[in-house]
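Here is a short briefing for a reader who is meeting this structure for the first time. Please look over the sequence and the model before turning to the points that follow.

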Amino acid sequence: MSTENPTHNEVNFATPRSFGATLKSHLKETFFPDDPFRQFRNEKSCGRVVKKAVQYFIPIFEWLPNYNLRLFRFDLLAGITIASLAIPQGISYAKLANLPPVIGLYSSFVPPLIYAVFGNSKHLAVGTVAACSLLIANTIGEKVSFKDDPTLYLHLVFTATFFTGIFQTILGLLRLGILVDFLSHPTITGFMGGTATLICLQQLKGIFGLKHFTTKTDVVSVLRAIFENRDEWRWQSVVVGIIFLIFLQFTWFLKRKRPNLFWVSAIAPMVVVVVGCLFAYFAHADKHGIQIVGHLNKGLNPLSIEHLNFNSQYLPVTLKAGLITAIIALAEGVAIGRSFAIMKNEQVDGNKEMIAFGLMNIVGSFTSCYLTTGPFSKTAVNFNAGCRTAMSNIVMAICMMLTLLFLAPFFSYTPLVALSAIIMSAMLGLIDCKEIYHLFKVDKFDFLICMAGFIGVAFISMDNGLMMSIGLALVRTILYAARPTTCKLGKMQDSYLYRDTEQYPGSTGVPGVLALQLGSPIYFANSNYIRERILRWIQEEDDVVNDEESVVEHVLLDLSGVTSIDTTGIETLIEIRKILEAKSIKLSIINPRLDVMEKMIRSHFVDKVGKESIFLCIEDAVEASLFTPSTQKKQHQVFV
């Protein structure tokens, strides 16, 4: 065998970038991963730069100049369709939040107009949502009872909505959408499922026609309240509720079987409300144990800015409600907007959406609205109805304005049992059993995260259940960071590729050479584990041969997957090198990335190990190791 040194690709040992350049690069990747300023780079005209800036921050100016009658026909149909869904949902979810029903109608008038101006999604339909409605009722209700002081309760809800908008706007302006990413898919699935279960059980109050009920929001308390008040059950209410629920579920089933009949399911809640109003009016249902909504004021949203309550006595609870609902509403709204945009091969800017949600909730809190976001059911109807732009939200807002001005008193005859049936039907679709089973089959830890949210929300409380699920997800993140994946590499047959020997059993190692791959950043949390794991790999190699002398002469660390390293990580590599030198084992570094290489140069790690010990690829390092005398001896023994 030739003893001539092989030639290999040269590693770039360029002078590290300045602190300013490094900081700029990191900030850009953290806060501007979508590179929003690329559209301004080649613009020399100041006027065009200003125009593009206005279009970027106020998206309506981007699509409105090109808007035409053909697009409006689609948006008109979609807007009228979602308005027919917004009226019953608005009244229903307002009752769920223990608010006057007209507040739900107000919340479908002003916020959609704000979103149409600042929103980035073409398909998102704005409205109230069940989960946040119940969460607001639960959180504010801990401090003030809606029965004892309904005026103060309402004002605190407006204040919580204001804080929701402030938090959302700040997150969008500071481009901190990364915080929303901590609500993982299993967390959202479990939270929504638990909330839907809880809401369905709470609607039994309306189905049975109960007048007394618990203010607690756990399954045990709700079931206890239902059975303790058996003397208030009204069979008339039960019969009407079951009929409405069967009708709603039938339309949902019809939509699943015949997607082109989506409009039947979309207008079904409105049909229930209209039929319920007519039935209650002509049959005098309120005199037969069927409760109705009661008086609804005509007129547009009154100003509520003077009713915002910043009293220190109530500030903690309004801040808590505002922060939690802000994160949940953002996670739900942004995810839904992106999901439908993907279907049309389009993109949605999450930070713009945060700002739009924030502004519409701030303005909403000034105009007698409570929290709004992008509900899935309404957005799905908007998408299927063929909407083309955010103009569909404007059409919906105009329909709601006409309703508030002329039709509001008619809905005062809406039976509460009809609203309960509408809510129950909507919530049944949020309990995604197939997805929960899918999580169980694919990833047991994700299933555990999901069930922590589900059970915690259903049996403890909504905020505690959410925190339990997020906590488990963070524990998993910490475990991933503290116990990174490492693997032994072997050479694939008839190839220069080196792959995980466990994944590819046919790959073979080189006698005397141990090639290892690290798959995560090296920092203080995992440094000890990495050192111990490398030494264990060496020990396992020696145990296979059962020889007193170490069979490993070279350890090659592939750092291609190591995106960063801190000073503790560098000190750990130095310690590993010293330990290996004591065992007469040479350490080589493979393909350190830019940030890692710069820190190795600044810390003089490169000077300590020598530039000749750093290689661009594993093949170069293996070839170099084969020309050391000890390794040549082992190679000769293998060939003999």
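Lys 488 has Leu 516 in β3 as its bridge partner, and the two strands concerned, β1 and β3 (residues 513-518), pair in the antiparallel sense over 4 bridges, where pairing requires that DSSP finds at least two bridges between two strands. This is a predicted model, in which local features need pLDDT of at least 70 and side-chain atom pairs count only at pLDDT 80 or more, while totals for chains, interfaces and linings use all residues. Residues are numbered from 1 along each chain as its sequence is written, and side-chain values use heavy atoms, with hydrogens and water left out.

- In strand β1 (residues 486-491), 5 of the 6 residues are buried, that is, under 20% relative accessible area with a 1.4 Å probe and protein chains only.
- β1 is also joined by 3 bridges to the antiparallel strand β2 (residues 498-500), and there Gly 490 has Arg 499 as its bridge partner.
- The hairpin of β1 and β2 has 6 residues between the strands, and Asp 494 in this hairpin takes a positive phi near 55°.

**The sheet**
- An open sheet of mixed pairing is formed by 6 strands in the order β2-β1-β3-β4-β5-β6.
- Because β2 and β6 (614-615) stand at the edges with a single partner strand each, one side of each is left without a neighbour in the sheet.
- Strands β4 (residues 554-558) and β5 (residues 586-590) run parallel and are joined by 5 bridges, with Val 555 standing opposite Leu 587 in β5.

Terms used
Buried < 20%, exposed > 50% of the residue type's maximum accessible area, 1.4 Å probe, protein only.
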